[in-house]
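Hello,

Here is the structure I promised to pass on to you. Have a look at it first, and then read my notes below.

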Amino acid sequence: MKTFQKIRLVALLLLTALAAWATRSDPASTGYEFIPDMAHSVPYDAYAPNPVTRDGKTLQPPVAGTIARGGPLPFHYAATAEDAVRAGRELRNPFPPSPAVLARGQTVYQTFCAVCHGLRGAGDGPLIPKFPNPPSYTSARLLAMPDGQIFHVITRGSGMMPSYAGQIAPEDRWRAVAWVRALQAGALRGPVEVARK
Ligand code: HEC
């Protein structure tokens, strides 16, 4: 091998070693940024620590008592029997039982309630007897129960019955209440056939 060839080889090896060192991967390093443009925002990111706020978080919870525009109104009734009665006294069904309201109420009822309460509300849904019998809607107690209390039962649950607040929007709960009232009225008139929707 000629001398200049040796020098070329050594220079090449050195260059390769240098390149390997320069481009070594460091897991902690973000590497060299070429023209980062707007990759880094000037304001604090939503989940980034924040030296300005009191709790050190950037994302702040809404001020206590805030109500989201267009969102559901807060329901100031606890899951207690007393508050169920109070809801019955204080709340009115905002939906008059129009055909559209009843149709929607029937759909909601048959989707969420009929499995336990039965299509006609007799307390004989297909989940019975695997689940304890709910009372019939034509029991004296449920005939006398105000709309607002039924709304409370759907929202907060009652005894063995779980809350359906997470599944049914407040407006649809009222429509389901209207359908329960229609079932009661129908059952009082005589045996009713309720179509499965
Ligand atoms: C998982 C079965 C189940 C489902 C689904 C269910 N319920 Fe009930 N419901 C019950 C049981 C059990 C009771 C009796 C609980 C109790 O001790 O108050 C009951 C009680 C009730 C009562 C009477 C509460 C009282 O104070 O006597 C009403 C009204 C009622 N349910 C309405 C509904 C409506 C409307 C739906 C649908 C949104 C629904 N339920 C869905 C099981 C269910």
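The largest pocket holds about 700 Å³ of space. A pocket here is an open set of points on a 1 Å grid over the protein atoms alone, where a 1.4 Å probe fits, with protein on both sides within 12 Å along at least five of seven lines; lining residues have an atom within 4 Å of a point. The volume is the space filled by probe spheres set on the points, which are joined across faces, edges and corners. Of its 37 lining residues, H117, P135, V153, S158 and M161 are the closest to the centre.

Please keep in mind that this is a predicted model: local features need pLDDT of at least 70, side-chain atom pairs count only at pLDDT 80 or more, and totals for chains, interfaces and linings use all residues. Residues are numbered from 1 along each chain as its sequence is written, and side-chain values use heavy atoms, with hydrogens and water left out.

Now to the aromatic rings. The whole structure has 5 aromatic pairs (rings of Phe, Tyr and Trp, the last by its six-membered ring, with centres within 6.5 Å; planes under 30 degrees apart are stacked, over 60 edge-to-face, the rest tilted). F75 and Y77 have ring centres 5.0 Å apart and planes at 50 degrees, so this pair is tilted. Together with F151 and W174, F75 and Y77 form one aromatic cluster.

Finally, Y109 has contacts (heavy atoms within 4.5 Å) with residues including H117, Y137 and W179, leaving out those up to four places away in sequence.

Best wishes
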